[in-house]
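Dear colleague,

I am handing over a structure that you have not worked with before, and I would be glad if you would look through it with the notes that follow.

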Amino acid sequence: MPLIEINNLTKHYTSGGETVEALRGVDIVIEAGEFITVMGQSGSGKSTLLSVLGGMNHPTSGEVEMAGVRLYRLPGEKLADFRAQNLGFVFQSFHLIPYLTALENVMLPLAIVKVKNAQKQAAARQALGRVGLGAKAGRLPNQLSGGEQERVAIARAIVNTPHILLADEPTGNLDSRTSDEVMALFRELNAAGQTIVMVTHNPDNGRYSDRTITLKDGRVV
Amino acid sequence: MKLHTIALNNLKRRKAKMAFLTIGLMVGIGTIVTLLTLTTSMSRDIEHKMDEFGANILVTPQSNGLAMNYGGISLGGVTFDQREIREADLARIATIANHRNISAVSPKVLGSVPIGGHDVLLVGVNFASELKMKQWWRIFGDAPKGDNELLLGSDASKVLNAASGDTLQIKGEAFKVVGVLDQTGSQDDSLVFAPLRKAQKLLGKEGRITLAEVAALCSGCPIGDMVVQIAEKLPDAKVSAIQQVVEGRLKALNQFKRFSYAMAGVVVFIGSLIVFVTMMGSVNERTTEIGVFRAIGFRKSHIMRIILLEAALVSLLAGLLGYGVGMGGAKLALPFMAEAKDAKLLWDGWVAGGSIALALVLGLLASLYPALHASRMDPTEALRAL
């Protein structure tokens, strides 16, 4: 049974009185443990696809089924709960909380989980250890390099052991050497069983993934 | 890591903004505390002044005799030559439930005496309580201290052709005039005042009095209650409130209170506006952050809790500081605003608790919309990058 099943997904926006068709009947199936790269030019709909996959952007039509759950049929805040329990996000600009230390940033998804603080700390330290930043747990984001911040963001995304890790241009703000390190880290996480869907511009990143999905004008090509 | 960790850390990071918010709210709360404290302290001061400036309860014998005016105040039916109250009974006034509200009791004995060929109304008074009650009296000379000393009203002084230092004969006994009252425009002008004991003796009314004036300190003015309480203690006397004094006093205090409440209302509004604008600005600044929170699974209620927790912490601090600053302001302003130089600042626990509670309610109410706004942010829009 596939981990993610996207059926005939469409997403239309209205902007300045005009309707923009960001996604036009997208069908994608992703198996557990896959590392998928979504590529395409600007405006191809890849970021929209990622936000819909992330349960943050209601599609105009179509279905997104994830781990057996029809995402957009979840009532009220259950969708937020689903995100908390099943998804991990890595953003292009890292989006670390500037007033929290690396450890606290990683613990952030656990702030709403009812477990003891010691357990949260242990999980966060373990996640930081996995990305090689165990020694910099007490540093604030502005005391870390771009690559380190990206690693903290990845640790934050995996601390709740999500089913799926969604990454939006994770190397967009990094130099090529750091990009390679981050991609190697993704590969490593995938090798450990983590399903990853990554949106990227960079064709070089495609070599780290199992499969590349290319979008053009809102359609899979 | 809990939600309050996020709120606390954010407050620590945005020190300048939070200091501005705290100061804004603190000034609002401080102003209210200052106004309330000043109002209460000044009201108390005014009450004391007004209470000291005349009686508001009159105790007269039960009688259906002649009408009589005293000091421009209707005393009701008093036949001073026929019936009196036993002076010893007046001590019972001190035993009423509201005895703490009694500022002064001034017993009087009245009677007609011939002086120098004129019939004069002699009033025996206890000068200590009489002078406390009638602070508007200006005496040329001194108030009587000895038994055979007199104080003359200004008209009586003219009619009797007597001034301070002169001696007058009453019923064959010599009395020294030690003081003359400045014109008061009241019946006091035509009276001759003597010490109570001596007057009682001269009039043959030892141990009896004609009437008693009571000055009540009336915080909340339970004058009606006090009248009933005194009447119960003195069943043979007629006890009545001098309504014009009571009503005038209430009117003055109410006007002052209304002014303070209006001012407080304006300040509350401005304080709320400051909190609202600052919190709204803070929420808008944190759009991305809120988007991250939502993306990683925070519920709308979690976002609201973070924002409201921050507001509550700032408001609590502002309430505490506001109370301190407000009391400081009141302490500085009171000497300039109160009539009495020794007017006391009232430290009221209710004002302290109320100001903190008000700051909290104000801060939370004004932050409610910003918090709702934050919780309703579309995470995709908030993050933009996605």
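What share of the contacts in chain B with a separation of 6 or more is accounted for by residues 24 or more positions apart? In this predicted model, such residues account for 82% of those contacts. Chain B has 386 residues, of which 43% count as buried, and its secondary structure comes to eleven helices and 14 strands.

Before going into detail, a word on confidence. The model scores ipTM 0.90 and pTM 0.67, while chain B averages a pLDDT of 82, with 85% of the residues scoring at least 70. One stretch calls for care: over residues 72-81 of chain B the pLDDT stays under 50, although the model has 30 contacts beyond four places in sequence for this stretch. Where pLDDT is low, the predicted coordinates should not be read in detail.

Val109(B) lies in strand 5 of chain B, which covers residues 102-115, and Val109(B) is buried, because 28 other C-beta atoms lie within 10 Å, where 20 or more are needed. Leaving aside residues up to four places away in sequence, Val109(B) touches several others, among them Gly124(B), Leu196(B), Ala199(B), Leu203(B) and Ile209(B), as well as Lys205(B) and Arg208(B). Val123(B) is 14 residues from Val109(B) in sequence, and the two are 5.7 Å apart in space, C-alpha to C-alpha.

Helix 9 of chain B passes helix 10 of chain B in a right-handed crossing, and the residues of their contact divide into 22 nonpolar, eight polar and one charged.

Finally, there is the meeting of the two chains, in which 25 residues of chain B are in contact with 30 residues of chain A. On the side of chain B that touches chain A, helix 1 (3-13), helix 8 (287-295), helix 9 and helix 11 (379-383) of chain B each supply at least two residues, and helix 1 of chain B gives the most, with seven residues. The residues of this side of chain B divide into eleven nonpolar, seven polar and seven charged.

With best regards

Definitions and conventions
Residues are numbered from 1 along each chain as its sequence is written. Chains are lettered from A and ligands numbered from 1 in the order in which they are written. This is a predicted model: local features need pLDDT of at least 70, side-chain atom pairs count only at pLDDT 80 or more; totals for chains, interfaces and linings use all residues. A crossing is left-handed if the near helix is turned anticlockwise from the far one by less than a right angle, and right-handed if clockwise. Helices (H or I, at least four residues) and strands (E, at least two) are DSSP runs, numbered from the N terminus. Ala, Val, Leu, Ile, Met, Phe, Trp, Tyr, Cys and Pro count as nonpolar, Asp, Glu, Lys and Arg as charged, and the others, Gly among them, as polar. pLDDT is the predictor's confidence in each residue, from 0 to 100. Two residues are in contact if their C-beta atoms, placed from the backbone, lie within 7 Å. A residue is buried if 20 or more other C-beta atoms lie within 10 Å of its own, exposed if 12 or fewer, and partly exposed in between; C-beta atoms are placed from the backbone.
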